[in-house]
Amino acid sequence: MKIKNQYYQGNGVIPGIVIGRAFVIEREKDTDTHSHIVSQQVEIEIDRFKNALKKGFDELEMIKNKISADHKDPGHILEAHQMMIQDEELQKQVIETIRHELVNAEWAINKTLEKWKTLFLSVDDEYMQERISDLKFVSRRLIRNLSGKNNYIAQPPPDAIVVAKELSPAETIQIGKNAISGMVIEKGGKTSHTIIIAKAFEIPTIVGIKNITTEVGTGDLLLLDANSGQLIANPDVEMVQKYRTRMHKALAFEQNLLKQSAKPAKTKDDYTIKISANIDFVNEIEAANSHGAEGIGLYRTEFLFINNFRDALDEKLHFKDTLKLLESSSISPITIRTFDLGGDKFPLEADFSNEPNPALGLRSIRLALKERTILKSQLRGILRAYIKNHSVELRIMFPLVGSMEEFLSAKEVYWECINELLQEGHDIPDNISIGTMIELPSACMISDHLATKSDFFSIGSNDLTQYSLGIDRNNDMISDLYQPLHPGILRLIKRTIKSAKNAKIPISVCGDTATDPIAALILIGMGIENLSMPPAYIPHIKKLIRNIELRKVEKITEQALEMQTAKGIIQLFIKNFEEAIDDSRLKYSE
Ligand code: PEP
Ligand code: MG
């Protein structure tokens, strides 16, 4: 018998109140499946391999039968995979590897497919290259069958509340597309990329409830209030009724805010702050428009190919994606950030995800400069789209720049692309700006130098906080130490603003810090005139700004910058702007 009204408290990281059935994501731990065998085990391994082949073929047949007749393409792909499974040469080579190298079936499959992959890669033919991902899918299916494990997360039904220990950004994209109504994740910081993706899908989310995946089961009724971080499992009828009332109040509040979202964020003393949107997918442009965005301050391009990393090299993909963005947007400028992979953002099939310290490793611009062909494909694709449609202003920026050399190298790649396109006979529009994302303390400290070579700055406060404080932005165990308003960070930001103003270049903040009303006030008090944030937060921050006087905010910010702790700074702002801050947030009394 389930206990009624079981309460859990976590951190609400994406607001919203929803009622739904739990869908618990279960997964088994990965173990190393490679092992040596002795000659007596050879036939056993060959039998295991043959069974896995049969099971793989049958599974594909079953999936094929489930696809309706009007979806010929997936059926076609599945047939190609079946043909690979039946390929006699492949079977022969795996069996020979088991026999001669005395390795288990899993290892033999890997070894054989690696050889095939090298062979395919050496042929300069698009069709052959495409087959590499098919090889990977087939080998995964076989290895999964051998170990009896399931590497893929099951797809939740629409309206489910997904409950998981942790989710990668790539997995979040997969499940987010299923129109789920909420998420409860045990592990994950407020500004982790998983949460950023969930924000793009506007999924109300709570993090940090320990062992919730064992506390609730699939099918349990859940009330999720991500505004207060509260989760209630198996509620009784009265409780459901109470939550329904809350939901309606929250909805009415949001709708009221939305009605005013097209109005500018003009302070009581007549200063206007420009509010733009952060988007992770092109189709979010609609949400940006409907929530009153006045530009796109950050388009995170990496999610376009995170589930198909090989696509990153496809210039056409970047071209089409950018063109769609440019064609569907009437707001300007559009700020496109070149791909930012690594850290906590790995493609599902990444080969580079096993670094000891990914956040300090081959990430962002470092990876892009190492994989210049990808960066070039992306920049060429973006530029070709802009050549075709340049009705709005385009800004391109590079993430996680740590030094002058890095920024200049990235710009060199940009100029290489421009020169190639000129030689190919294109006219390049002249209103493209190239900017630096300021996300590292080193970049803040040399912001005066960077400003001489940049057309604009955009402060990525999520990473700036992580790298200044040495606090992993994904780790909920230390989330209380993740303080974007730490006096040290405010000093770094202040220095950067000064550099931008001296060089007369625009500066904006596009990290999630700006979604917090107190932080938004401090940023504008320090002289930031452009904020960019996920669309859902825009109406709230616009309302806040309409309720304050900039001159007063500047005065209080000056005092705040003298304070020793983030806590003191927060209290100072609450004391002075309590009403405006409260009015921008949802409140309900019961
Ligand atoms: C940031 O770090 O603040 C930022 C905007 O980039 P991302 O969140 O994608 O790392
Ligand atoms: Mg960043």
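Which residues does Leu 531 touch, not counting residues up to four places away in sequence? The legends below describe close-up views of a predicted model.

**View 1. Leu 531 in the largest nonpolar core.** Leu 531 touches Ile 273, Lys 274, Ile 275, Ser 276, Val 509, Ala 514, Ala 520, Leu 523, Ile 524 and Ile 541, with residues up to four places away in sequence left out of the count. The largest nonpolar core has 107 residues, and Leu 531 and Phe 573 are those with the most contacts inside it. Another core, of 26 residues, lies apart from this one, and its members include Ile 85, Val 94, Ala 108 and Leu 146. In soluble globular proteins, nonpolar side chains tend to be buried together.

**View 2. The aromatic pair of Phe 201 and Phe 281.** Across the whole structure, a search finds 6 aromatic pairs. In this one the ring centres of Phe 201 and Phe 281 are 5.4 Å apart and the planes stand at 40°, so the pair is tilted. Phe 201 belongs to the loop between α7 (193-200) and β6 (205-207), and Phe 281 to the loop between β10 (272-279) and α10 (285-290), so the pair ties together parts that are 80 residues apart in sequence. Phe 201 is partly exposed, its relative accessible area being 26%, whereas Phe 281 counts as buried at 16% relative accessibility. Ring pairs link Phe 201 and Phe 281 with Phe 303 into a cluster.

**View 3. The aromatic pair of Phe 305 and Phe 339.** The centres of the rings of Phe 305 and Phe 339 lie 5.9 Å apart with the planes at 70°, so the pair is edge-to-face. Phe 305 is in the loop between β11 (296-300) and α11 (315-328) and Phe 339 in the loop between β12 (334-337) and α12 (364-370), so parts that are 34 residues apart in sequence are tied together by the pair. Phe 305 is buried, with a relative accessible area of 0%, and Phe 339 counts as buried at 1% relative accessibility.

**View 4. Charged groups over the rings of Phe 456 and Phe 577.** Arg 395 has its charged end over the ring of Phe 456, 3.8 Å from the ring's centre. Lys 552 lies over the face of Phe 577, at 5.0 Å from the ring centre.

**View 5. Val 413 in helix α14.** Helix α14 covers residues 404-423 and contains Val 413. Val 413 counts as buried, at 1% relative accessibility. Leaving aside neighbours within four places in sequence, Val 413 is in contact with Leu 369, Arg 372, Leu 375, Lys 376 and Leu 379. The C-alpha atoms of Val 413 and Ile 505 are separated by 22 Å, and the two residues are 92 residues apart along the chain.

Terms used:
Residues are numbered from 1 along each chain as its sequence is written. Chains are lettered from A and ligands numbered from 1 in the order in which they are written. Side-chain values use heavy atoms; hydrogens and water are left out. Rings of Phe, Tyr and Trp (its six-membered ring) pair if their centres lie within 6.5 Å; planes under 30 degrees apart count as stacked, over 60 as edge-to-face and the rest as tilted. Helices (H or I, at least four residues) and strands (E, at least two) are DSSP runs, numbered from the N terminus. Buried means under 20% relative accessible area, exposed over 50%, partly exposed in between (1.4 Å probe, protein chains only). A charge sits over a ring if NZ of Lys or CZ of Arg is within 6 Å of the ring centre and within 35 degrees of the ring normal. A nonpolar core is a set of buried Ala, Val, Leu, Ile, Met, Phe, Trp, Tyr and Cys residues joined through side-chain atoms within 4.5 Å. Contact means heavy atoms within 4.5 Å.
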